[in-house]
Amino acid sequence: MQILIYVNTKQDFKKNNTLGGIEILNYDLFNYLKKKHKLTLASNLNNRIKKNIWDIVISSNDAKIFNFVKAKRKILWLHNKLQIEKAFRKKQLIPILFNKIEAVFVSEYLKKNTSSFYNFEKSLVIPNFLPKICERTKINNSEFITKKNKFVWSVQRKKGLDNFIDIWIKKINTRYNDVEFHIFGLNNIKKNFKKYNIFFHGRVPRYKLLKFYKNSIGMICLGYDETFCLNALEGMKMGLPIFSLGKTNLKTLVKNNLNGFKVKKLEQIDKPIKKYLKLNNRNKKKIMKSSIAFASQYDSKNILKQWDKLIY
């Protein structure tokens, strides 16, 4: 069986340590399926791809490719919301309506919030899975003890961040001056927050991020627009409970007092953080371990089997 996995990206798949979330999931799916099928992983449309007759084409978020390839089955792997206006503006609407497309959603939340107007040939949910690089990074018992009082933000979107920083400065840093807040994926262009133990790191390779997770105790992930939230899952796998508003797909991923803490209003988020910091090491470790156990449900060996069923 000849399968094309297509990702419209400028990232280099040869540098897999620097790949973003969508790219690394495609890379791992490619490596899994190539054991059984003839696979091609591509990020641009060349003449060979256009001329070949594929058994299956799997495209992440980009339906335009289906107007240019010959395929017996066309699968659109939807990671993000595809509002009708956005689909029209990005020239996705016509390819969706005039090709017999099977849609794979990364969460029930995303499937529920996608318009039925698209009238996909088939619609199903296959949740995202833990990337191999994350599964290979283990935490032993001694590393629970050496974790530092660090909280992490690794969503590459700013919504809610400025408000959370205000809460951190006024309600957390004033009481716990040894606790740090580290922000990845974004650069600080305003002022020096180091005096409040707030540090900006910008984008870093995934292996460095996972290493930092291992040395931290919690993740701030508010969840305003998460169709899945892979970084929260990766954080859990490294023993980080998630502090969240429980919106979007984080409503499903975060279970109160098991693998994180949910509040209804952002103004209340300091309360579970303070409560968590007051716990003794034994009880902190219990929550960290239950976070790891929850994330393990999304091990690639469990989820990738669902791709086997879809393809066959």
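# Spaces, surface and salt bridges in a predicted model

The largest cavity holds about 80 Å³ of space. A cavity is, on a 1 Å grid over the protein atoms alone, a set of points where a 1.4 Å probe fits but cannot get out, whereas a pocket is an open set with protein on both sides within 12 Å along at least five of seven lines; lining residues have an atom within 4 Å of a point. Grid points are joined across faces, edges and corners, and a volume is the space filled by probe spheres set on the points. The structure is a predicted model, in which local features need pLDDT of at least 70 and side-chain atom pairs count only at pLDDT 80 or more, while totals for chains, interfaces and linings use all residues. Residues are numbered from 1 along each chain as its sequence is written, and side-chain values use heavy atoms, with hydrogens and water left out.

## Cavity and pocket

Rolling a probe the size of a water molecule over the atoms shows where empty space is left. The count comes to 1 cavity of 30 Å³ or more. Its lining consists of Trp153, Val155, Arg157, Lys159, Cys221, Leu222, Gly223, Tyr224, Asp225 and Glu226. By class, this lining divides into 5 nonpolar, 1 polar and 4 charged residues. Here Ala, Val, Leu, Ile, Met, Phe, Trp, Tyr, Cys and Pro count as nonpolar, Asp, Glu, Lys and Arg as charged, and the others, Gly among them, as polar.

The largest pocket contains about 1400 Å³ of space. Its lining is made of 45 residues, and Gly21, Ile22, Glu23, Asn80 and Arg157 lie nearest its centre. Two or more residues of this lining come from each of the elements α1 (21-33), α9 (206-214) and α10 (230-237). Helices (H or I, at least four residues) and strands (E, at least two) are DSSP runs, numbered from the N terminus. With 4 residues, α1 gives the most to the lining of the largest pocket. The classes in the pocket lining are 15 nonpolar, 18 polar and 12 charged.

## Surface and loops

A nonpolar patch on the surface is formed by Ile84, Ile94, Leu97, Phe98 and Phe117, which together have about 500 Å² of accessible area. Patches are made of residues with over 30% relative accessible area and no salt bridge, where like charges are joined within 9 Å and nonpolar side chains (Val, Leu, Ile, Met, Phe, Trp, Tyr) within 5 Å. Accessible areas come from the Shrake-Rupley method with a 1.4 Å probe, and for residues only the protein chains shown count as cover. Leu97 belongs to helix α4 (residues 93-97). Because its relative accessibility is 36%, Leu97 counts as partly exposed. Buried means under 20% relative accessible area, exposed over 50%, and partly exposed in between (1.4 Å probe, protein chains only).

Two residues other than glycine have a positive phi. For Lys91, phi is near 60 degrees; Lys91 lies in the loop between α3 (84-89) and α4 and is exposed at 63% relative accessibility. For Cys229, phi is about 85 degrees; Cys229 sits in the loop between β10 (218-220) and α10 and is buried at 4% relative accessibility.

Gln11 is placed in the loop between β1 (2-7) and α1, and at 24% relative accessibility it is partly exposed. Although Gln11 and Glu23 are 12 residues apart along the chain, their C-alpha atoms are separated by 7.7 Å.

## Salt bridges

The structure holds 15 salt bridges. A salt bridge is a side-chain nitrogen of Lys or Arg within 4 Å of a carboxyl oxygen of Asp or Glu. Three of them are set out below.

| Salt bridge | N to O distance |
|---|---|
| Lys72 and Asp55 | 3.1 Å |
| Glu102 and Lys122 | 3.8 Å |
| Lys132 and Glu135 | 3.7 Å |

The bridge of Lys72 and Asp55 (3.1 Å) links distant parts of the chain, with Lys72 in strand β4 (residues 70-78) and Asp55 in strand β3 (residues 53-60), 17 residues apart. Lys72 is exposed, with a relative accessible area of 64%.

Glu102 and Lys122 also meet in a salt bridge (3.8 Å); Glu102 lies in strand β5 (residues 101-105) and Lys122 in strand β6 (residues 122-125), 20 residues apart. Glu102 is buried at 8% relative accessible area, whereas Lys122 is partly exposed at 39%.

Lys132 and Glu135 are separated by about one helical turn because they are 3 residues apart in helix α6 (residues 132-135). Lys132 is partly exposed, with a relative accessible area of 39%, and Glu135 is buried, with 12%. Elsewhere, salt bridges that share partners join Arg73, Glu102 and Lys122 into one network.
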